[in-house]
Amino acid sequence: MGFVMNEYIKHMRKLIGHERLQIVGASVIIHKNGKLLLQKRRDNGCWGYHGGGVELGENVEEAAKRELTEETGLTAKTIELLGVFSGKEGFFTYPNGDLVSIVDVVYLCDDFSGEMMTCTSETTDLRWFDIDSLPDNLSPPVKPALAKCVEILKDRLTAE
């Protein structure tokens, strides 16, 4: 999950400083033929999927699609709910010291179009990884969703 502060979070940070803030994330994991498209985050140098904070009043599914386009240049045509990931595994400290508790609504997508951008204001690389050989340096908050994603995709590939 990428992180560029939306206006609401900026306002809350002025009030609470670096204290833990609960945020709702909306994310999309792109997959095709047993591979996942992951991005290398600019802020912590770790790999993760595509997502970010939901704006006040924004539909979560639309936020996930917006974040995907902002971070990759790709447009999701249809997305499928993978799950909602929360709890202490979502505790994270950003490099600037901001503490968060992330509630991440994560979608799967294999129906997408567009021209990939490998480098954006939030990412330094975009790369396909086989589900059996994901990189070691995954951003901590994405690990539970990626584990569930890999499990589901392996089941689907076995059923084909």
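User: Where is the place of glutamate 67?

Analyst: Before we start, this is a predicted model, in which local features need pLDDT of at least 70 and side-chain atom pairs count only at pLDDT 80 or more, while totals for chains, interfaces and linings use all residues. Residues are numbered from 1 along each chain as its sequence is written, and side-chain values use heavy atoms, leaving out hydrogens and water. Helices (H or I, at least four residues) and strands (E, at least two) are DSSP runs numbered from the N terminus. Look along residues 60–72 and you will find glutamate 67 in helix 2.

User: Is glutamate 67 buried or exposed?

Analyst: The cut-offs are under 20% relative accessible area for buried, over 50% for exposed and partly exposed in between, using a 1.4 Å probe and protein chains only. Glutamate 67 has a relative accessible area of 6%, so this residue is buried.

User: Which residues does glutamate 67 touch, not counting those up to four places away in sequence?

Analyst: A contact here means heavy atoms within 4.5 Å. With that rule, the residues that glutamate 67 touches are Ala26, Gly51, Gly52, Gly53 and Glu122.

User: Leucine 68 is in helix 2 too. What is its relative accessibility?

Analyst: Leucine 68 is in contact with Val28, Ile30, His50, Gly73, Leu74, Thr75 and Ala76, leaving aside neighbours within four places in sequence. This leucine counts as buried because its relative accessibility is 0%.

User: What radius of gyration does the chain have?

Analyst: The radius is taken over C-alpha atoms, and the globule rule is 2.2 Å times the number of residues to the power 0.38. The C-alpha atoms fill a box of roughly 50 × 30 × 25 Å along the principal axes. For 160 residues, a compact globule would have a radius near 15 Å, and the chain agrees, because its own value is 15 Å.

User: How many residues does the second, separate core have?

Analyst: In soluble globular proteins, nonpolar side chains tend to be buried together. In this chain, the second core includes Ala63, Tyr107, Cys109 and Leu126, and its residue count is 15.

User: Which residues is leucine 146 in contact with, leaving aside neighbours within four places in sequence?

Analyst: Leucine 146 is among the residues with the most contacts inside the largest core. Its contacts are Ile29, Leu36, Leu38, Tyr49 and Leu138.

User: Does asparagine 33 count as buried or exposed?

Analyst: Asparagine 33 lies in the loop between strand 1 (21–32) and strand 2. It has a positive phi of about 50° although it is not a glycine. Its relative accessibility is 71%, so asparagine 33 counts as exposed.

User: How far are the C-alpha atoms of proline 135 and cysteine 46 separated?

Analyst: Proline 135 lies in the loop between strand 8 (123–130) and helix 3. At 13% relative accessibility, proline 135 counts as buried, and its contacts beyond four places in sequence are Leu38, Trp47 and Phe129. Although proline 135 and cysteine 46 are 89 residues apart along the chain, their C-alpha separation is 9.0 Å.

User: And what is the relative accessibility of glycine 45?

Analyst: The place of glycine 45 is in the loop between strand 2 and strand 3 (47–48). Leaving aside neighbours within four places in sequence, glycine 45 is in contact with Lys40 and Asn137. Glycine 45 counts as partly exposed because its relative accessibility is 28%.

Notes: Core = buried A, V, L, I, M, F, W, Y, C linked by side-chain atoms within 4.5 Å.
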